[in-house]
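Hi there,

As promised, I am passing the structure on to you. Have a look first, and my notes follow below.

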Amino acid sequence: MGKDLLFPNYIFESSWEVCNKVGGIYTVLSTRAKTLQQKITDHIIFIGPDCWHDNPCPFFVEDPALFADWKSAEAEKEDGLKVKVGRWDVPGQPIAILVDFEPFFDQKNEIYGKAWELFQVDSLHAYGDYDEASMFSYAAGRVVESFYLYYLNGDDRVVYHANEWMTGLGLLYIRHRLPQIGTIFTTHATSIGRSIAGNNKPLYDYLFAYNGDQMACELNMQSKHSIEKQTAKYVDCFTTVSDITARECLELLDKPVDVVLPNGFENNFVPQGAAFTRKRKLARKRLIEVANALMGTDLDDDVLIVSTSGRYEFRNKGVDVYIEAMNRLLRDKELKKQVLAFIEVPGWVGEPRNDLVERLASNKKFDTPLDVPLVTHWLHNMSHDNVLGMLKFLDMWNRKDDHVKLIFLPCYLTGDDGVFNMTYYDLVLGNDLCIYPSYYEPWGYTPLEAVAFKVPCVTTDLAGFGQWANSIKGGHSELADGVKVIHRTDYNYSEVADAIKDTVAEFSAYTKAQVTRARNNAEKLSKKALWSEFITYYYKAYDIALEKAASRMRQ
């Protein structure tokens, strides 16, 4: 029998993405909230930036009654914190505190000086978003300190969990001011690893040889790398989201992680039964309607719909190799169906195409394509866009007799884009296959969301999710298992493109029974990644952090 794990009475968790929908970390925190809220109701408190000031935040419901006495006490202080207290409008409705960090810009140099003196954090080369993130981080640390001194005492077991380099400064502040609090730091991707990959340098074959500090100088990342490295060094429990990023942390930050915290999710956004069937039909109908209006084609429901999506990181997310694979598929003799492929990646979008909107509104059929029948919305940088540039280079113009048509959908799918007017979740379930051939992907929410919607997907073993899918299979996961995991390295771009091409061709020949089996296996796999399965890793991290804090206080 192992010992009982220590569990906190209070958890404070800070991130730039609390009530601020920017990327995948928002999904991690907002879906995990319900599980923790059920465990320690209203003792899990999220801290995020007040980016909205006088405007309402769409993800936050203010509640003036919550902690009113503490807020009032802060307001009376000369340097009192400016906070909004309420609830994050996600399942579980956890308490959230949004803090105004702008007043701390006046103290920036003193704050950086203290961080250097105590923890050797080098902020000298700061630029861009470093200052903004650091002032928020410091403000979040101040919020926890103030709340702790007002409501809590040494008998309370308290954990402070900071996500990404943007929250490191606040964690170090708490480590110095409140050593009785156990601290956890999660890097979802190392800033220097992402930068190496994003600058077209080979990351994996040379990982053992890279020196993180040296690369930070070369890539002008000294300050972000420094706060990340020093936070990892001084935190009680250092964590990341996958084994692949754990390797990166060891090599680039010179610190092994204490626990890997894989990203789970809640599947309460997935429609069930008749609603699922109806929504899938609607999504397919809309995708095909837009494609036919744009290209003057007559595609029907038998077409194979595939897509890729995510942030616009052309190489890191594998958008380049996806386009290459679709180009090769044009000439593949094994392809048994027409393919309608989408790239759903937000670019520098200008406006919906009026000519396309007019065609859709007319409900007529057209047999001639619109100009540039490759894109649904005009971009500000049509001549310098990576996707459009590669399509032109490969001479892919969605010609009438092409068996593969590729369309760029360059905007956030929030339901009001002017062309589809459907959300991402409402469109994704219309796919037959989703393809995410990432080169740099610490975890990978997009494939996890796809399989939750019963859409089989393709990913790589350079994605944390791909490695996890292989571990569940106990070998190489194949399309029939719901997820095809392609082996990817620094140098096998061409083989990856061929593997994607072959997988789509193979899927086009699947019988109805084979498709059903793959779809059911995809859904089964997604259920193994629910928070109810993954939350135990967090319990281990809380235990490590509290044990370290307790031992520190005993010294």
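Predicted model: local features only at pLDDT ≥ 70, side-chain atom pairs only at ≥ 80, totals over all residues.

Let me begin at one end of the sheet: strand β8 (residues 237-240) and β9 run parallel and are joined by two bridges. Residues are numbered from 1 along each chain as its sequence is written, and side-chain values use heavy atoms, leaving out hydrogens and water.

**The sheet**

The sheet is open and mixed, with nine strands in the order β3-β4-β5-β2-β1-β6-β7-β8-β9. At its edges are β3 (60-62) and β9 (259-260), each pairing on one side only. Helix α5 (residues 168-177) packs on the sheet, touching β6 (158-163) and β7 (182-187), and its direction makes about 165 degrees with that of β7. Helices (H or I, at least four residues) and strands (E, at least two) are DSSP runs, numbered from the N terminus; two strands pair if DSSP finds at least two bridges between them. Contact means heavy atoms within 4.5 Å, and angles run from 0 to 180 degrees between N-to-C directions, with axes fitted to C-alpha atoms, for helices over the stretch in contact.

Beyond its neighbours within four places in sequence, tyrosine 542 contacts residues including Leu6, Phe7, Val159 and Ile184.

**Salt bridges**

The whole structure holds 33 salt bridges (a side-chain nitrogen of Lys or Arg within 4 Å of a carboxyl oxygen of Asp or Glu). Arginine 87 and aspartate 42 form one of them, at 2.9 Å from N to O. This pair links distant parts of the chain, 45 residues apart, with arginine 87 in strand β4 (residues 83-88) and aspartate 42 in the loop between α1 (24-39) and β2 (44-49). Aspartate 79 and arginine 142 also pair, their closest N and O atoms being 3.5 Å apart. Arginine 142 is buried at 13% relative accessible area, while aspartate 79 is partly exposed at 48% (buried means under 20%, exposed over 50%, partly exposed in between; 1.4 Å probe, protein chains only).

Best wishes
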